[in-house]
Structures are given as C-alpha cells and as structure tokens.
Amino acid sequence: MIRVTEDTYFHKGLRKKLIDTLRSKGIKDEKVLDAINAVPRHYFLDQALVKIAYEDRAFPIDHGQTISQPYTVAFQSELLEIKKYDKVLEVGTGSAYQATVLGALGAQVFTIERQEGLFKEVKKYYPFKSKYPLIKFFFGDGYKGLPTYGPFDKIIITAGAPSLPEKLLEQLKPNGILVAPLGEGEQQIMTRYKKGPKGGVKIETFGEFSFVPMLQGVAGK
Ligand code: SAH
C-alpha cells in the first residue's frame with residue numbers, strides 16, 4: 001500500500017463536505033464532527049483511493065479487511081459519549097481510522113487487532129504516532145480484551161460479533177459504556193450497554209449496520 005501524507009486544501013475541502021453529509025444523516029455531536037474533520041482519512045487508504053477517500057462509504061484495506069464508513073465511525077463515536085482522557089478499548093484496529101478519531105476526541109485508546117499482518121503494518125506506518133501518543137496498538141484476540149490494561153471507561157467493537165463477549169463487559173468500569181454491532185448474519189444491530197454504578201446494565205439498540213465478522217483467536221499473515 002502506498003500512502004499519501006499530505007493534507008492539502010483539496011482534502012480539507014472534501015472533508016468539510018463529508019461533515020455536511022454526516023450532519024444531514026443525523027450526526028449531531030459537534031465534538032465528533034470536529035474530530036472527523038481533524039483526521040485526514042486519505043492517510044489510511046492507498047493513494048489510488050485518495051480522491052474518493054471522503055465519500056461516505058467503507059473501503060477495502062490490506063488483508064481482506066475494511067476501513068469503516070465515516071457515518072459508522074461517527075455514529076459509534078457519538079454513542080460512546082467520549083470525555084477527554086477516557087480509557088477506551090477498541091476491538092478491531094483495522095486501518096486505525098476509528099482509533100484516530102477517538103484519539104482526536106481526547107481519549108486514551110487501547111486498540112487490538114487479531115490479524116498479524118495488519119497489526120504490524122499499522123505499528124510500522126501509523127502516521128500520527130507523535131500527534132496522538134495516547135493511542136496504543138496491541139496484537140491479540142479481542143474476545144479476551146486487555147485485562148491487564150483495564151478496566152475501561154468505554155469499549156467499542158468494530159467487527160460484527162455474534163453475541164456480546166462477556167469478558168469485555170467484565171472489563172468495563174461502573175458507569176462505563178460499551179458499543180458493539182451484534183448479530184449472526186450479514187447485518188448486525190448496533191447495541192449500547194451502559195453499566196450502572198453498581199454493575200447493573202441498561203441495553204439500547206440503534207438499527208442495522210454491516211461489519212466484517214469478529215473472529216475467534218489470532219491469525220498470521
Ligand atoms: N476500526 C477499523 C475497522 C475495522 S474492520 C477502522 O477504523 O478501519 C474490523 C477489524 O476487526 C478487522 O481488521 C479484523 O481483522 C478485526 N477483528 C476481527 N475479529 C477480531 C478479534 N477477535 N480481535 C481483534 N480484532 C478482530
């Protein structure tokens with residue numbers, strides 16, 4: 001993959017249009033819109049896709065995975081109600097675009113990827129190491145979470161899980177929020193779990209989305 005790492009007025013202009021699109025689709029949280037506006041999405045895609053990087057759609061990245069649609073990234077970020085310095089666990093680093101948007105929202109991000117090749121590529125070429133030093137990358141199985149780094153204020157799953165991984169809910173702090181697309185089929189239901197101060201959980205659902213599957217275990221190159 002060849003990356004472009006220049007953010008010109010052309011790209012900034014396209015990003016402004018994307019923000020208008022996200023607003024028209026119902027994203028209201030100004031902090032989330034600002035964060036999306038702050039992150040050059042074309043840095044996460046092959047140079048061949050630069051001109052269309054700001055269309056509101058998912059794209060293929062290496063290793064058969066995808067970079068999520070901006071609307072989906074905005075929607076999940078909004079549901080997480082991120083506050084500055086929140087400790088956030090992300091399952092499914094992929095391109096690291098969602099992780100970077102969370103970083104731009106001021107979160108400390110712990111993001112985990114099961115595909116070794118993808119993990120290594122992100123570790124090596126991540127373009128915002130110095131801009132967002134609070135984003136940390138891990139190779140492993142997201143079903144296990146990161147028990148030694150938890151508990152977390154927020155947890156986001158960016159792959160379609162058949163059902164809620166119990167270990168992740170255990171790693172969520174009281175008053176924490178977990179957002180995950182859940183379901184067995186092609187489509188998943190965006191689901192939000194809010195843990196109460198004593199551990200009780202409130203569940204809300206937010207319509208259908210389509211993600212690549214959350215798989216068990218890790219995979220080599
Ligand atoms: N958040 C990403 C989109 C990721 S696509 C972005 O912004 O680009 C989903 C990713 O989840 C894929 O890279 C896939 O390899 C990864 N994944 C699937 N199952 C996983 C698991 N059990 N643990 C960690 N990552 C997983």
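Mentor: By class, the shell around the ligand holds 11 nonpolar, 12 polar and 4 charged residues. Here Ala, Val, Leu, Ile, Met, Phe, Trp, Tyr, Cys and Pro count as nonpolar, Asp, Glu, Lys and Arg as charged, and the others, Gly among them, as polar. The model is predicted, with pLDDT of at least 70 needed for local features and 80 or more for side-chain atom pairs, while totals for chains, interfaces and linings use all residues. Residues are numbered from 1 along each chain as its sequence is written, and side-chain values use heavy atoms, with hydrogens and water left out.

The shell consists of 27 residues, the closest being Gly92, Ser95, Glu113, Gly142 and Leu215; a residue is near a molecule if one of its heavy atoms lies within 4 Å of it.

Next come the polar contacts (pairs of N or O atoms within 3.5 Å). In glutamate 90, a side-chain N or O atom is 3.0 Å from a nitrogen atom of the ligand. Glutamine 98 has a backbone N or O atom 3.0 Å from a ligand oxygen atom. For arginine 114, a backbone N or O atom is 3.3 Å from a ligand nitrogen atom. Taken alone, the ligand exposes 580 Å², and the protein buries 99% of that; these areas come from the Shrake-Rupley method with a 1.4 Å probe.

The elements that each give two or more residues to this shell are β2 (66-67), β3 (87-91), α4 (97-104) and β4 (108-113). Helices (H or I, at least four residues) and strands (E, at least two) are DSSP runs, numbered from the N terminus.

The ligand takes up the space of the largest pocket. A pocket is found on a 1 Å grid over the protein atoms alone, as an open set of points where there is protein on both sides within 12 Å along at least five of seven lines; its lining residues have an atom within 4 Å of a point. A molecule sits in a pocket if more than half of its atoms lie within 2 Å of the pocket's grid points.

The volume of the largest pocket is about 510 Å³, where a volume is the space filled by probe spheres set on the points, and points are joined across faces, edges and corners. Its lining has 33 residues, and those nearest the centre are Gln65, Gly92, Thr158, Ala159 and Val212. Two or more lining residues come from each of β2, α3 (70-80), β3, α4 and β4. By class, the lining of the largest pocket divides into 14 nonpolar, 15 polar and 4 charged residues.

Note on methods
A polar contact is a pair of N or O atoms within 3.5 Å; within protein, one must be able to donate a hydrogen and the other to accept it, and residues adjacent in sequence count only if both atoms are side-chain atoms. On a 1 Å grid over the protein atoms alone, a cavity is a set of points where a 1.4 Å probe fits but cannot get out, and a pocket is an open set with protein on both sides within 12 Å along at least five of seven lines; lining residues have an atom within 4 Å of a point.
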